[in-house]
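I opened this notebook to record what I looked up in the structure.

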Amino acid sequence: MNKVQRAGLALAAGVAGLTVAVAPAGVAAADGGGAGILSATGCHGTTCIYVNGSGLKVNYAVVTNKKGSTVGRGMISSNWDGRTHTGPRLKKGQSWRFDYNRIMNNGNKVCGSIEGIDVACVTIHR
């Protein structure tokens, strides 16, 4: 991943707000781990991001290469710390989890992508 792609993912974490669905407790998570009290999923193109947490507490995020032909490293970022965390190469249908275990600010975004392509984000709310 070059600097332009990394900057694009960080910028997307700061400004993008795509499809967000809040799931009540007891709804199964995309990664099979079970949902938190408030969890959210956002999808864009071939990428989905699942964020598990409650209120401003973010336990973890999972990026999934949903149905894409793109094979590349999974990436998760947030504008809480401005960092992009790079995971393993993900083929179609594979996921990667990053543990945050942090209290974020109201309005922060957590985003995921495959090599900076089809960035999907969710917004953290109280």
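**Entry 1. A term to settle before starting.** I note that a residue is buried under 20% relative accessible area, exposed over 50%, and partly exposed in between. I also note that the model is predicted.

**Entry 2. The chain as a whole.** I looked up the elements first. The chain has one helix and nine strands. I then checked burial: 44% of the 126 residues are buried. The accessible surface comes to about 6,200 Å². Carbon and sulfur atoms hold 52% of that surface. I also looked at contacts between residues at least 6 apart in sequence, and 52% of them join residues at least 24 apart.

**Entry 3. The salt bridge.** How many salt bridges does the structure hold? I found one. It joins the side chains of Arg-97 and Asp-99, at 2.8 Å from N to O.

**Entry 4. The largest nonpolar core.** I went to the core next. The largest nonpolar core has 17 residues. Which members touch the most others? They are Ile-49, Val-51, Ile-76 and Val-110. I then listed the elements that give two or more residues to this core: strand 3 (47–54), strand 4 (57–65), strand 7 (95–103), strand 8 (109–114) and strand 9 (117–123). Strand 4 gives the most, with three residues.

Entry 5

**Entry 6. Strands 8 and 9.** Strand 8 and strand 9 run antiparallel and are joined by five bridges. I noted two facing pairs. Val-110 stands opposite Val-122 of strand 9. Val-110 is also among the core residues that touch the most other members. Gly-112 has Ala-120 in strand 9 as its bridge partner.

Why is strand 9 described as largely enclosed by the rest of the structure? Five of its seven residues are buried, and that is the reason.

**Entry 7. The turn between them.** Strand 8 and strand 9 form a hairpin with two residues between them. In the turn, Glu-115 has a positive phi of about 55°. Gly-116 lies in the loop between the two strands. Its relative accessible area is 25%, so Gly-116 is partly exposed. I also looked up a distance across the chain. Gly-116 and Arg-73 are 43 residues apart in the chain, and their C-alpha atoms are separated by 8.8 Å.

**Entry 8. Positive phi within strands.** I kept a general point in mind here. Most residues other than glycine have a negative phi. Where did I find positive values within strands? Asn-101 is one of them, with a phi of about 45° although it is not a glycine. Asn-101 is found in strand 7. At 45% relative accessibility, Asn-101 is partly exposed. Asp-118 is not a glycine either, and has a positive phi of about 50°. Asp-118 lies in strand 9. With a relative accessible area of 24%, Asp-118 is partly exposed.

**Entry 9. A buried serine.** Last, I looked up Ser-78. It lies in strand 5, which covers residues 72–78. Is Ser-78 buried or exposed? Its relative accessible area is 1%, so Ser-78 is buried. I checked one distance from it. Ser-78 and Cys-111 are 33 residues apart along the chain, with 6.0 Å between their C-alpha atoms.

Notes. Residues are numbered from 1 along each chain as its sequence is written. This is a predicted model: local features need pLDDT of at least 70, side-chain atom pairs count only at pLDDT 80 or more; totals for chains, interfaces and linings use all residues. Side-chain values use heavy atoms; hydrogens and water are left out. A nonpolar core is a set of buried Ala, Val, Leu, Ile, Met, Phe, Trp, Tyr and Cys residues joined through side-chain atoms within 4.5 Å. Buried means under 20% relative accessible area, exposed over 50%, partly exposed in between (1.4 Å probe, protein chains only). Helices (H or I, at least four residues) and strands (E, at least two) are DSSP runs, numbered from the N terminus. Two strands pair if DSSP finds at least two bridges between them. A salt bridge is a side-chain nitrogen of Lys or Arg within 4 Å of a carboxyl oxygen of Asp or Glu. Contact means heavy atoms within 4.5 Å. Accessible areas come from the Shrake-Rupley method with a 1.4 Å probe; for residues, only the protein chains shown count as cover.
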